[in-house]
Amino acid sequence: MTAALQSDYPPESEWTTDDLDALPEDGRRRELLDGVLLMSPSPTRTHQTIAMRLGTALDEDCPDGYDVTQAVEVRINRTRSFIPDVLITTSVAAAREPSKYEPHEVVLAIEIVSPSTRSMDRVLKPALYAQAGIPYYWRIETEGALEVVTYRIDAVNEVYTETGRWTKFVDTGEPFPINLPISRITPRVR
């Protein structure tokens, strides 16, 4: 156990996934960025409603071979660990009943942009998810009308290429055929 777990001070070097594992299960959302511990505020009702509705909608059309879940940690390496709002993994990986996924087990990572996570969700996380080899990334913009921005990895350059901006329907064949009305994931009260 590190000194950070025994006092109010961070470890002498950097936080690692071992340190995350030693922390109590207290419901706090903790992520690691190059050894720096990040703690996000509790998500809003709107954020959680979108995540719930999106997960349900994707799960209804999810073919064998895939699994849809919410807020499960993706361990990119020893000093990088993120928790996508919604994710699609392989069914083989899901059968392990994991509390953590490896990047190669994740097919699609989805982040719902909140005021406190704009830079992380728009810039940093997509760059690091692409670098980790996760094939698809979606970003859901919540300011004003909902917009889903979809991306596919350019594996050679380890970056995402935008494949669509959707305001009425998400209509894509990746990672499996999806025709999702945005109204289905929009909270009743906004």
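1. A word on classes before we start: Ala, Val, Leu, Ile, Met, Phe, Trp, Tyr, Cys and Pro count as nonpolar, Asp, Glu, Lys and Arg as charged, and the others, Gly among them, as polar. By that scheme, the lining of the largest pocket has 10 charged, nine nonpolar and seven polar residues.

2. Some ground rules for reading on. This is a predicted model, in which local features need pLDDT of at least 70 and side-chain atom pairs count only at pLDDT 80 or more, while totals for chains, interfaces and linings use all residues. Residues are numbered from 1 along each chain as its sequence is written, and side-chain values use heavy atoms, with hydrogens and water left out.

3. Now to the largest pocket, which holds about 600 Å³ of space. A pocket here is an open set of points on a 1 Å grid over the protein atoms alone, where a 1.4 Å probe fits, with protein on both sides within 12 Å along at least five of seven lines; lining residues have an atom within 4 Å of a point. Grid points are joined across faces, edges and corners, and a volume is the space filled by probe spheres set on the points. Of the 26 lining residues, Glu25, Arg28, Arg29, Arg30 and Ile83 lie nearest the centre of the largest pocket. Helix H2 gives the largest share of this lining, three residues. Helices (H or I, at least four residues) and strands (E, at least two) are DSSP runs, numbered from the N terminus.

4. The second largest pocket has a volume of about 280 Å³. Its lining comprises 20 residues, and Ser40, Pro41, Ser114, Ser116 and Thr117 are the closest to its centre. Strand S8 and helix H4 (118-131) each supply at least two residues of that lining.

5. Have a look at Glu111 in strand S8 (residues 106-112). Glu111 counts as buried because its relative accessibility is 1%; buried means under 20% relative accessible area, exposed over 50%, and partly exposed in between (1.4 Å probe, protein chains only). The side chains of Glu111 and Tyr129 are joined by a polar contact of 2.7 Å. Such a contact is a pair of N or O atoms within 3.5 Å; within protein, one must be able to donate a hydrogen and the other to accept it, and residues adjacent in sequence count only if both atoms are side-chain atoms.

6. Leu20, in helix H1 (residues 17-22), also counts as buried, because its relative accessibility is 11%. Leaving out residues up to four places away in sequence, Leu20 touches Arg30, Leu32, Leu37, Glu73, Arg75 and Ser81, where contact means heavy atoms within 4.5 Å.
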